[in-house]
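Open the model in your viewer and keep the selection tool at hand. The tour goes stop by stop.

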Amino acid sequence: MIFQPAIIALLLASLVCVGLLLAAAPLAIDIIRHWDIHSGSERQLLLERRTYLLSTLLSFIFATQLVALLLFVFNADRMSSLFVGAMCAVGTLKVNAFGFPALIAQIVVFFLASSWLVINHVDTLAHDYPLVRVKYLLLLILLPFLVAAAMLQLRYFLGLKADVITSCCGSLFSEEAPGLTADAAASPPLPTMIVFYLTLTLAAGAGVLYRLRQRAAWLVALLSGAAFVVTIAGVLSFVSLYVYEHPHHHCPFCLLKPEYSYQGYWLYLPLFLATAAGLGVGAVQPFARVPSLESVVPAVGRRLATVAAAMFVLVAAVASLMILKSRLILLEG
Amino acid sequence: MIELKGIHKAFNTGRENEFHALNGIDLHLPTQRVTAFRGPSGSGKTTLLSIIGCLSRPTSGRVRLGERDISGLPERFLTHIRRQTFGFIFQQFNLIKGLSALENVMLPAYPLGGNWRALHERAESLLGDLRLAHRRAAAIEHLSGGEQQRVAIARALINDPQIIIADEPTANLDTGLAMEFMAILENLHAVGKTVILTSHDPLVVDATIVHQVIDMRDGRIVTPVPIAEGCA
Amino acid sequence: MNAWIEKQKYLIDFTLSSLARRKAKNLGLLLVYTLIVFLLASVMLFTHALRQAAAEVLVGAPEVILQRMVAGRHDLIPPGYLERIGRIRGVQHKEGRLWGYYYDPVVKANYTFMVPGNQDIAAGTLLVGAGMARARGLAVGNLISFRSYSGKLFSFTIARILPHDSELVSADLVLISEADFRSFFAIAPGYFTDIALSVANPLEVRNVAAKLSQQFPDSRPILREEILRTYESIFNWREGIVLALASLAILAFAIFAWEKASGLSADEKREIGILKAIGWETGDVLKMKFWEGALVSLAAFLIGYLAAYLHVFRFSSSLFAPVLKGWAVLYPRFELSPVIDGFQVATLFFFTVFPYAAATLVPIWRAAIADPDAVMRG
């Protein structure tokens, strides 16, 4: 393992999050077993108060995941100088088999947590808290994901070993490691570009449709998920080529760096927001027929769908702007 | 209209110090009336008042507020109803030290997030009505007992509630101030507010503006309640 | 949305006044919090600046250095090696370097003697680093004598004192002419300490190194990027160690924050009870407490970071420089160039705000769930 601050911070954060959620699990089980909204018993009052704790806890974990995700990527970028052949974050993440799985697991946890918070929000708007059992069951399901993400991250960091000169055995152990370049497996630019704009248009369209007619919630969620994947693929495949002007540089993270004037934030923040909102529309859809949620779900769904649609349009606009601002040279590798 | 059916309230259930504050209350309180609960301390009148005012939930029994059954509502919604429907005047005034009179009055409106200027004006006019305009910037601990109570009344009125709830409002006041309080109460009734209070002060319960006095003992109502009377 | 923003404004407003009303308690917390931020930020800013300084120094260093090994030890490059390298493709410039260490018993310190490749130094004169000049009290024009390893005494005139900006590496540096170096250390002409090669294309560096080690099996090439990497990881490691030690302090701070948040005074409890009685919901109190934590954290973070910044870049890290720097007896007295780094701020955030938030989570909830009717029963 490489012993350095950001890694310690990330491990600390995931440890604390897992610990807190583990400690909360018995409370959640207690609520699932004994919840009775119609009772005014002291136990019920206590359970009700605990729901506040659990919501706060999840918000905290969610916020932590968000910052941790950023730090994880930053850290990967910084560490690239420690590994032979690694030019940027992609190389560092490829140093061992756990890098990208750890990153993906964190993104998954992030979206699961955001969906949970949407369900939670909807539930607290209904007078009889109809989803209490469901949402705490979901909370228990979230736990293994969080643990898995933490484990992957731990394995990744434990497997890191810097290629460092040791005075005894001299140098040139640094053999060429071709796998660590930023030449990620990217799809061909032109078809990807078409798919990218098409998917984003469809996702935004589905959002608008839901806003107007409250229909096709599943489609909103599905297309949002797809749009997320396609956008990342698009960055890998063509946005990076235009921005970096280098045929083998497909890194989706370097966009976040000052060299590229932090353009990445403009792309990724709306993307994460849009995806979380779009997935949220789908997450609450199974409960649309619950009597006390009949008006709540469409109202919340509309707001989320609007956010998703607007943000996907923004993503497409930012990506287009990044391309137009570049010198429009497409260097295919 | 407030209707209570079979209200029980128990504390420390299942433990040695289990205690039943209310043992089956059936009650019907009409609107725009002044109702007083009378009884020795420990008779359950404050507990009953807190259930009527949505400050707590009964262990069992049903509560209706207007047309709405609010018995099974979680705290979050009880609070929403409470801050729109009820204004509270407490025995100890319960004002926050260090804040000015004006800030104390505005406090219940903060969670509603309304326009600041409008809120400010409303609070000032309430303080003006209660002859406290000149004291609005003073810190609460620099006010006299009577002034403090009038701040508490202004605070109870800031969200324009239909029902005013007062728990032993005159217990900490001398006779003069108690009379003054009753006059304010009369004004509130005159503008159509419902008033529910607890007291064992004869000055209060024997006053002419009190339409109905309900006697309580051991968590039960002792006087037969004339349900039909004054039912609007 | 508007109502939501208004509401947050009210909550922040109330939080500020509530913080102000409990100055003593909150100032204590703020002080400890700020101190933690200050300590950690100082460590981070300092190591980061060192890292930056080292990297800057290495920018001008040759891409590859060739050292000859004899019995696993670094030895002199014999004549003829330099000429043989000429045939390797990609090598833009090559040069034999002469440098060595000299122990000065007067100040009990090691100097680095070096023949500069890019400037001529008149025979009998020296250019010395500022650290050494300080240690020996030297000024331009002074005469200094060294007894060589062969026992002979050599005298030199100080021609110039090296500028301060790169003092981290030049503190103990002595620049000397080639002829003087050879006679002082008794190195025959044609021999060199090592060979420096510059390679224009960074992608070629590795190939050049591979060819070198093939062609000169008795030598080892050292790449600049490897040195950089080693420096980087050494600095990271040092920083990591300091932070691991600091983790005890962070833990203590978290416990302190937890205690402060759970040990509510009767007054505060009463206040929350009143708020709940007059229509604040549990969620409102939680939000208010959230703002309280956020404001305290922000203040502590800003003050602590600013103080650390001043400490490191204005007052030369006077508190713990000896722990982090000292690898030479002649302490470099150097001004680090100020660097603020988003990555570092994010890391620092995790070491300070995150533990604070985690520690206060449960106590805040406990405070917020007070019974709304408690003030009536009181």
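Predicted model: local features only at pLDDT ≥ 70, side-chain atom pairs only at ≥ 80, totals over all residues.

Residues are numbered from 1 along each chain as its sequence is written, while chains are lettered from A and ligands numbered from 1 in the order in which they are written.

**Chain C, domains.** Select 2–58 + 230–377 of chain C for domain 1, then 64–220 for domain 2. These bounds come from an automatic or database domain assignment. The C-alpha centres of the two domains of chain C are 48 Å apart.

**Chain C, annotated spans.** Select residues 27–46, 240–258, 290–310 and 346–368 of chain C; an unreviewed UniProt entry lists them under "transmembrane region". UniProt positions follow the numbering used here, feature names are shortened, and annotations may be inferred rather than shown by experiment. Residues 27–46 of chain C are 100% helix and 0% strand, with end C-alpha atoms 27 Å apart. Residues 346–368 of chain C are also 100% helix and 0% strand, and their end C-alpha atoms lie 29 Å apart.

**Chain A against chain C.** Here 34 residues of chain A contact 37 residues of chain C (contact: C-beta atoms, placed from the backbone, within 7 Å). Select helix 1 (5–34) and helix 2 (42–79) of chain A: each supplies at least two residues of the side that touches chain C. Helix 2 of chain A gives the most, twelve residues. Helices are DSSP runs (H or I, at least four residues), as are strands (E, at least two), numbered from the N terminus.

**Chain A against chain B.** Eleven residues of chain A contact eleven residues of chain B. Helix 2 of chain A provides the largest share of chain A's side, three residues.

Definitions and conventions
Contact = placed C-beta atoms within 7 Å.
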